[in-house]
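These are my notebook entries from an afternoon with one model.

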Amino acid sequence: MAMRKTAAVAVAALTLLAAWGGAGSATAVAPATARKAAEACGVLAPGASAAAEKAVAAACEQIGVWYTWGGGHGPQPGPTYGQVDPSDPDSAHDPERLGFDCSGLVRYAYARAVGGDPLSGNAYHQFHSPQVNQRFTAAQGTGPLLPGDLLAWGSGGSIHHIAIYLGAGKMVEARESGTRIMVSDVRLGGDYAGAVRIAPATAPGTFSTWGTDVWTHKEPSTTSPRVHRFPGPTTVRVECQKHAEPVTAEGYTNDAWSYLPEYGSWITNIYLKGPAWLDGVRTCP
């Protein structure tokens, strides 16, 4: 699940290159180069929420699309023609290029992942969004990060760049005028400001797990086969819940279990943040 990479990503990148790459293009990107870049983009570590994995996939589909200053900030998430950045001569062709700037790409990726428009605004707004449920300092590096986390750069309270973490020290980003959306090594030096994890409130039935090394099960019972391990707190979507085998753990006893559709398995409600019986979640048949 966490390590999927498909040929569809490469095909999407090549299609977008053909559709959007001509305007203002100084040099063409060779198909083999584009294909290799697309195949390198994906979820490169386990543990991310289903929404975060979908955001990574949506961003990776844009590999090879132009960076364009102001791109992606139209009325709806998606590529738009850019603007000239008065401080950057390389942006002279941006009004001719359909694409994204850094925050436009992030906005599009999470809109595709969860629906709605949870991360509109620029990089500063996204880094300080109410959708953030966990923050990581620059000093923590990439150790605690999961795919889909947003890395940011800036100083003095200003954030000027944002990218999406893939895992394994890699990220996908719309970096600067004159370049195309790419996979890069994470840059921890300079004015790297830290990272945030997103848990969009627009995703219905979204909850956070807690604890470490928490397993889901094929059936709502600890004796049924294990399916997926959450190494740490993870945002999950609950489809429904039911009363089943009582479980005692971490000083709590509860007979409620929740079904996680993205994982095709069950988790005891003990390891979901919230009341013993989750508010607003229907009972499974």
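This is a predicted model: local features need pLDDT of at least 70, side-chain atom pairs count only at pLDDT 80 or more; totals for chains, interfaces and linings use all residues.

Residues are numbered from 1 along each chain as its sequence is written, and side-chain values use heavy atoms, with hydrogens and water left out.

Entry 1, the sheet. I took helices (H or I, at least four residues) and strands (E, at least two) as DSSP runs numbered from the N terminus, and I counted two strands as paired if DSSP finds at least two bridges between them. I looked up an open sheet of three strands, and its order is β1-β3-β2 with mixed pairing. The edge strands, each pairing on one side only, are β1 (66–67) and β2 (80–81). I then followed β1 to β3 (residues 98–100), and found that the two run parallel and are joined by two bridges. Within β3, Gly99 is the bridge partner of Trp66.

My rule was a side-chain nitrogen of Lys or Arg within 4 Å of a carboxyl oxygen of Asp or Glu, and by it the count comes to seven salt bridges.

Arg107 and Asp117 meet through their side chains at 2.8 Å, N to O. Arg107 sits in helix α4 (residues 102–114) and Asp117 in the loop between α4 and α5 (123–127), so I noted a link between distant parts of the chain, ten residues apart. Arg107 counts as buried at 4% relative accessibility, whereas Asp117 is partly exposed at 29%.

Asp149 forms a salt bridge with Arg197, and their closest N and O atoms are 2.9 Å apart. Because Asp149 lies in the loop between β4 (132–136) and β5 (150–155) and Arg197 in strand β9 (residues 192–198), the pair ties together parts that are 48 residues apart in sequence. I read Asp149 as buried at 2%, and Arg197 as buried at 9%.

Arg187 and Glu173 also meet in a salt bridge, at 2.9 Å, N to O. Here Arg187 is in the loop between β8 (182–185) and β9, and Glu173 is in strand β7 (residues 170–173), 14 residues apart.

Conventions:
Buried means under 20% relative accessible area, exposed over 50%, partly exposed in between (1.4 Å probe, protein chains only).
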